[in-house]
Amino acid sequence: VDDEEAGDQPGGRQQPDPGATDERARRHLVSMSLAPAMPSVHREHLRGGLGLGTMSTLAARTIDALRHEHDALTGLVVPLSDDQLTGPSGASEWTVAQVLSHLGSGSEITLASLKAALGEADAPGDDFNRSVWDRWDAMSPADQRDGLVEHNQVLVEALEALTPEQHESLQVSMGFLPMPISVASYAGMRLNEVALHTWDVRVAG
């Protein structure tokens, strides 16, 4: 994790500096663009090189890779003790629980964009991200862990429910980009984010 990413404030910080939330948003976007952070197994997965030839779309392969990453992360964090959750992660200045808060709040924000694209909800307002971050910041470390598992599961299931036609036609507005993006790009950004921060948890301590 680079120094920019490590300086983020995903949860539980006391007395944040003025403007810290805006800085967190900027650094969140930086981390989502870090394609080299994706493990090589997932890059091969997306190319269809792991026996996934029956999956006809890049979106389908990306969503399947995200499912595998979610399941792996869940297996890592569910057994963690309170001491492990509050211990250092692979990201300097972040505890493991703060990494999970970052991912959990991100899953809520990401899902809101998908629901808006599907016509199931209004587009998130200007204060939506901040309200989500504030709520996750107030959680206990154990609740941040449990919330990540729950909300990331909901996001992955929502992506898995998309039809092949939606894989090709649906466009998702992320709010910070000049135009909506495809399902493959949308899922790929989330996969990069989860893969990057799963490493932070895997090397914790």
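A few ground rules come with the model. Residues are numbered from 1 along each chain as its sequence is written, and side-chain values use heavy atoms, with hydrogens and water left out. As this is a predicted model, local features need pLDDT of at least 70 and side-chain atom pairs count only at pLDDT 80 or more, while totals for chains, interfaces and linings use all residues.

**Layout and confidence**

The chain has 10 helices and 2 strands, where helices (H or I, at least four residues) and strands (E, at least two) are DSSP runs numbered from the N terminus. Read along the sequence, the pattern is α-α-α-α-α-α-α-α-α-β-β-α.

How far can you trust it? The guide here is pLDDT, the predictor's confidence in each residue, from 0 to 100. The chain averages 81, and 73% of the residues score at least 70. Residues 1-23 stay under 50, with 50 contacts in the model beyond four places in sequence. Residues 25-54 are also below 50, and that stretch has 54 contacts beyond near neighbours in sequence. By element, confidence is lowest in helix α1 (residues 3-6), at a mean of 39, and highest in α8, at 98.

Of the 205 residues, 45% count as buried. Buried means under 20% relative accessible area, exposed over 50%, and partly exposed in between (1.4 Å probe, protein chains only). The chain exposes about 9,800 Å², with carbon and sulfur atoms supplying 52% of it; these areas come from the Shrake-Rupley method with a 1.4 Å probe, and for residues only the protein chains shown count as cover. A contact means heavy atoms within 4.5 Å. Among contacts with a separation of 6 or more, 70% join residues 24 or more positions apart.

**The core and its helices**

In soluble globular proteins, nonpolar side chains tend to be buried together. A nonpolar core is a set of buried Ala, Val, Leu, Ile, Met, Phe, Trp, Tyr and Cys residues joined through side-chain atoms within 4.5 Å. Here the largest one has 35 residues, and those with the most contacts inside it are Leu73, Val77, Leu100, Leu114, Leu159, Tyr186 and Val201. The elements giving two or more residues to this core are α4 (58-77), α6, α8 (141-160) and α10 (183-202). The largest share, 8 residues, comes from α10.

Take Leu100 as an example. Not counting residues up to four places away in sequence, Leu100 touches Leu73, Val77, Leu85, Trp136, Gln144, Arg145, Leu148 and Val201.

Helix α4 has 14 of its 20 residues buried, so α4 is largely enclosed by the rest of the structure. From first C-alpha to last, α4 reaches 28 Å, close to the 28 Å expected at 1.5 Å a residue; that expected span is 1.5 Å times one less than the number of residues. Helix α8, also with 20 residues, reaches 29 Å, close to its expected 28 Å. The buried residues of α8 include Gln144, Arg145, Leu148 and Leu159, and its buried residues pack against α4, α5 (82-85), α6, α7 (128-137), α9 (164-169) and α10.

Ala158 is also in α8, but counts as partly exposed at 22% relative accessibility. Leaving aside neighbours within four places, Ala158 is in contact with Leu111 and Leu114. Ala158 and Leu114 are 44 residues apart in sequence, yet 8.4 Å apart C-alpha to C-alpha.

**Salt bridges**

Side chains of opposite charge can pair when their charged atoms come close. The structure holds 4 salt bridges, each a side-chain nitrogen of Lys or Arg within 4 Å of a carboxyl oxygen of Asp or Glu. Among them are these:

| Pair | N to O distance |
|---|---|
| Arg67 and Asp71 | 3.1 Å |
| Arg135 and Glu108 | 2.9 Å |
| Asp146 and Arg145 | 2.6 Å |

Salt bridges that share partners join Arg67, Asp71 and Glu160 into one network. Arg67 and Asp71 are 4 residues apart in α4, so about one helical turn separates them. Arg67 is buried at 15%, while Asp71 is partly exposed at 41%.

For the Arg135 pair, Arg135 lies in α7 and Glu108 in α6, so the bridge ties together parts 27 residues apart in sequence. Arg135 is partly exposed at 40%, whereas Glu108 is buried at 14%. Beyond its neighbours within four places, Glu108 is in contact with Phe128, Val132, Arg135, Trp136 and His151.
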